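Subject: Structure for you to look through

Dear colleague,

I am handing over the structure we spoke about, and below it I have written down what was found in it. Please keep the 3D view open while you read, so that you can look up each place as it is named.

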Amino acid sequence: MLFEVLTDRVYRHLFAAQATSLIGTGLMTVALGLLAYDLAGDRASVVLGTALGIKMAVYVLVAPLATAYTARWPRKPFLVSMDLIRAVLVLCLPWVTAVWQIYVLVAVLQTCSAAFTPTFQATIPEVLTDEAQYTRALSLSRLAYDLENLLSPLLAALLLGVISFRGLFGFTLLGFVSSAALVATIPLPRRLALAAVRPKVLAGMRRYLATPRLRGMLCLSFAEAAAGSLVIVNTVIYVRDWLGGNNRDVALTTAVFGGFSMVAALSLPRLLKRWPDRSVMLSGAVLAGLGLVLFAALASLVPVAERRWLIAAAWGLIGAGYAAILTPGGRLLKRSGNAEDRPALFAAQFSLSHACWLLMYPLAGWLGTLSSPAWGAASMAVIVVMAVVAGFLLWPSRDPEVLIHHHDDLPLDHSHLTSGEVASGHVHAHPYVIDDMHPHWPSPK
């Protein structure tokens, strides 16, 4: 059962902390979109795209630095302090009256998020060491992100009937405070002892990019960002101007994306038992691309009365594909690194995947200014197709965990050579990851 993993008290609190903070963040995203529309009108997609681009730039630059330089810090005080600092910063958002203020607050707020998230993600596989339990946890983690995309817009739609959009920021504050309280009430695994020399900031990225399956995952991150950014940045413009809807319609349309993503996430544990991660993630990228193609092909053809159903169908396909790309990622990272290297790999994925969003958010914002939404969807569909082809080529279909390889530079009596399933001279086999002993991926035989 998917929810069996919640019987573990530590993980249950971590999941609740993640869910509450993400629901608050989702309300903040809706509120930022409406704030941008309030301040910039038909240029709202550009403002929101720029703000989210700043967010991604901070993630790209800060995540690896924060992981390297906070590696010795105790996990619990660090995570709790990041939540509380974010809560204080959110207090400023309701008083924003100029576009530049949005940019500054987003930059500082997301600096804390970039420090928080990789440490949080790398803690979970140390809490749940069983592979099946960890897979369920990944689906629940994906579910938490979908709560941000589904429950947050629905809750926003209800709240906007009684409060202004600026009032939504108060619920973001509550989410961060609740997250801090939940993390503070549980014991977290101690960090592994590190060497005296501080790890190099880019070590995680080098190991990430030297692993074929992770290079393929990075390509699919481009597909995820291309499809997702069009939805996140331009929903407010498409609904308000193209459909003639109101603020509540914006929230409900965003919820369609999150709802289909949630359904896909809940289905993935069973699918991942039958199909390899590569097949599931490539299929998800294709599904997201189909949603873009559907929207691009029909946006200029359907009558105004039918546009609401078209955007719902397209956003649903994109949401389902989005979840299928994202959910298995933690399994790949866990499989691709030793326990001591895992935080650096999670930070590399966090940073590199958000670099994709850094490129896609401003592009989506510019595409949102075009007269026809079809051109924006078509442009993003081309990027998704290119990303799928690259991922298919870079990620080998045969991707075993145990690889036969050789160490010609080691003496025959070295302890590493005598370990593993096969030992013959300088050749042996074991679960292969990139580390100091294995700096390169072995050539396929």
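The largest nonpolar core has 119 residues, and the residues with the most contacts inside it are Tyr-11, Tyr-208, Leu-292, Phe-295 and Trp-315. Helix α8, which covers residues 212–242, gives the most to this core, with 16 residues. Because domain 1 (1–184) and domain 2 (198–399) both give residues to this core, it lies between them. As a general background, nonpolar side chains in soluble globular proteins tend to be buried together. Please bear in mind throughout that this is a predicted model.

Leaving out residues up to four places away in sequence, Phe-295 touches Tyr-238, Trp-242, Leu-310, Ile-311, Ala-314, Trp-315, Pro-373 and Ala-377.

For the chain as a whole, the secondary structure comes to 14 helices and three strands, and buried residues make up 57% of the 445 residues. If you take the contacts with a separation of 6 or more, residues 24 or more positions apart account for 82% of them. The accessible surface of the protein chain comes to about 18,700 Å², and 67% of that surface belongs to carbon and sulfur atoms.

Helix α1 runs over residues 9–40, and at 1.5 Å a residue its 32 residues should span 46 Å, which agrees with its end C-alpha atoms being 46 Å apart. This helix is mostly covered, with 23 of its 32 residues buried. At its N-terminal end α1 is capped by Asp-8, which has a side-chain oxygen 3.1 Å from the backbone nitrogen of Val-10, while Gly-41, with a positive phi near 60 degrees, follows the helix.

The other helix is α11, whose 20 residues should span 28 Å at 1.5 Å a residue, and the end C-alpha atoms are 28 Å apart, which agrees. Since 15 of the 20 residues of α11 are buried, this helix is largely enclosed by the rest of the structure. Arg-307 is found in α11, which covers residues 307–326. Is Arg-307 buried or exposed? Its relative accessible area is 17%, and Arg-307 is therefore buried, given that buried means under 20%. Apart from its neighbours within four places in sequence, Arg-307 is in contact with Trp-242, Leu-243 and Val-302. The C-alpha atoms of Arg-307 and Phe-295, which are 12 residues apart along the chain, are separated by 9.7 Å.

Arg-278 is found in helix α10 (residues 277–298), and at 12% relative accessibility Arg-278 counts as buried. The side chain of Arg-278 reaches the backbone oxygen of Phe-392 at 3.0 Å. Setting aside residues up to four places away in sequence, Arg-278 touches Phe-392, Trp-395, Pro-396 and Ser-397.

Trp-395 is also touched by Leu-332, whose other partners beyond four places in sequence are Arg-213, Leu-214, Met-217, Asp-277 and Met-281. Leu-332 has its place in helix α12 (residues 329–335) and is buried, with a relative accessible area of 0%. Although Leu-332 and Leu-214 are 118 residues apart along the chain, their C-alpha atoms are separated by 7.2 Å.

Two more residues are worth a look in the viewer. Thr-211 lies in the loop between α7 (203–209) and α8, and Thr-211 is buried, with a relative accessible area of 0%. The side chain of Thr-211 reaches the backbone oxygen of Arg-207 at 2.9 Å, and, not counting residues up to four places away in sequence, Thr-211 touches Ser-336, Ile-434 and Trp-441.

Val-108, in turn, is found in helix α4 (residues 99–127), and at 39% relative accessibility this residue counts as partly exposed. The C-alpha atoms of Val-108 and Lys-55, which are 53 residues apart along the chain, are separated by 8.9 Å.

With best wishes

Methods:
Residues are numbered from 1 along each chain as its sequence is written. This is a predicted model: local features need pLDDT of at least 70, side-chain atom pairs count only at pLDDT 80 or more; totals for chains, interfaces and linings use all residues. Side-chain values use heavy atoms; hydrogens and water are left out. Helices (H or I, at least four residues) and strands (E, at least two) are DSSP runs, numbered from the N terminus. Buried means under 20% relative accessible area, exposed over 50%, partly exposed in between (1.4 Å probe, protein chains only). A polar contact is a pair of N or O atoms within 3.5 Å; within protein, one must be able to donate a hydrogen and the other to accept it, and residues adjacent in sequence count only if both atoms are side-chain atoms. Contact means heavy atoms within 4.5 Å. A nonpolar core is a set of buried Ala, Val, Leu, Ile, Met, Phe, Trp, Tyr and Cys residues joined through side-chain atoms within 4.5 Å. Domain bounds come from an automatic or database domain assignment. Accessible areas come from the Shrake-Rupley method with a 1.4 Å probe; for residues, only the protein chains shown count as cover. The expected span of a helix is 1.5 Å times one less than its number of residues.
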